[in-house]
Amino acid sequence: MSIHALDDLGWSAFETEQLTPDDANLHPARITSVHRRNVSALTASGPLTLVADPGVTTASFAVGDWVLCDLGGARLVRRLDRRSLLQRGAEYKSSQRQLIAANLDTLFIVTSCNADFNIARLERYLALAHDAGIAPAILLTKADQTDEAADYIAQAQALGDFPVLAINAKGADVAAALAPWCGPGKTVALVGSSGVGKTTLANGLTGRGDETQDIREDDARGRHTTTKRSMHALPTGGWLIDTPGMRGLAVADVTYGINATFPEISALTDNCHFRNCKHEGEPGCAVQAAVDAGLVDADRVRRYRKLRAEDAQATETTAAAHARKRRTGKPAKSASRRR
């Protein structure tokens, strides 16, 4: 691994503003992978392995995090605040959050032009991206293997004002096509189901040669190739955080992200007669009136209601779990507060 200046690693004014005089003897490092007992990181001087203080769990760190460390003792002292954090609940309705990646600039949501393509799942990824403040882009793979590529592209473009690219994951032009988002110091991540071509895309972006897995022909489901999150340097000067395939994609406490994913619906909700309107036929419902007038798609409204209901239930479950922790004992110490 070559030596990278902090700016090359993605350091910005946001991180600089968090430094204090007490940090004079500490060194910034960016986490590239998280293990059970330690984390791998990069500094301006090169790679190293850092150990957290006793009682601080590595589960509180995400790939892409910026931390301050004591180089002499290879000790992680504290985590800096994040510019963005992509996270989800654990599978389906668990109250436990799972950290996916931190300090991302762009989230590449990868799906393919076959049975994997699922509008509702794309909207879930978009809600997570919008809520985290990360710019999304949808990458459609396997467009060369169908006669209906234009329809898949149109469906994805209808979901919002962000880039939608039809990509040949095995093509020699992948790095050039995605270069506008992968410039020096920029960090991107690939998310999507197994078998959609994320590993192939990662190979094309990084120049690595990781093995890929074929999909099942009956349902286009893939097998897991990437098994853990890790950050990799790109020839364009940026950074790629690769993630395992995710089918179960729970949402929790992402109301802002859901509203940003369905702006044509959320803009109407304040006009409903009832403040707690569920948009299911109540009198004076502005959303249903827009559906009846052909201004809003009824299927979008159904998916919006489903996501809002799931988010509300998961948020309540998470709050109850946190209250139970407060009653029964203290959670693990947070590395972001420890000095």
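At 24% relative accessibility, Ala 74 counts as partly exposed, a class that lies between buried (under 20% relative accessible area) and exposed (over 50%), with a 1.4 Å probe and protein chains only. The model is predicted, with local features requiring pLDDT of at least 70 and side-chain atom pairs pLDDT 80 or more, whereas totals for chains, interfaces and linings use all residues. Residues are numbered from 1 along each chain as its sequence is written, and side-chain values use heavy atoms, without hydrogens and water.

Ala 74 lies in the loop between β4 (66-70) and β5 (75-79); strands are DSSP runs of E with at least two residues, and helices are runs of H or I with at least four, numbered from the N terminus.

| Residue | Phi | Relative accessible area |
|---|---|---|
| Ala 74 | near 50 degrees | 24% |
| His 279 | near 60 degrees | 7% |

His 279 is found in the loop between α7 (263-266) and α8 (286-292) and is buried.

Thr 32, in strand β1 (residues 27-34), is also buried, at 11%. Beyond its neighbours within four places in sequence, Thr 32 has contacts (heavy atoms within 4.5 Å) that include Ser 40, Val 63 and Met 231.

An open sheet of six strands runs in the order β10-β9-β8-β11-β13-β12, with mixed pairing; pairing requires at least two DSSP bridges between two strands. Its edge strands, β10 (164-166) and β12 (230-233), each pair on one side only. Strand β9 (residues 135-141) pairs with β10 in the parallel sense over three bridges, and Leu 139 has Leu 165 of β10 as its bridge partner.
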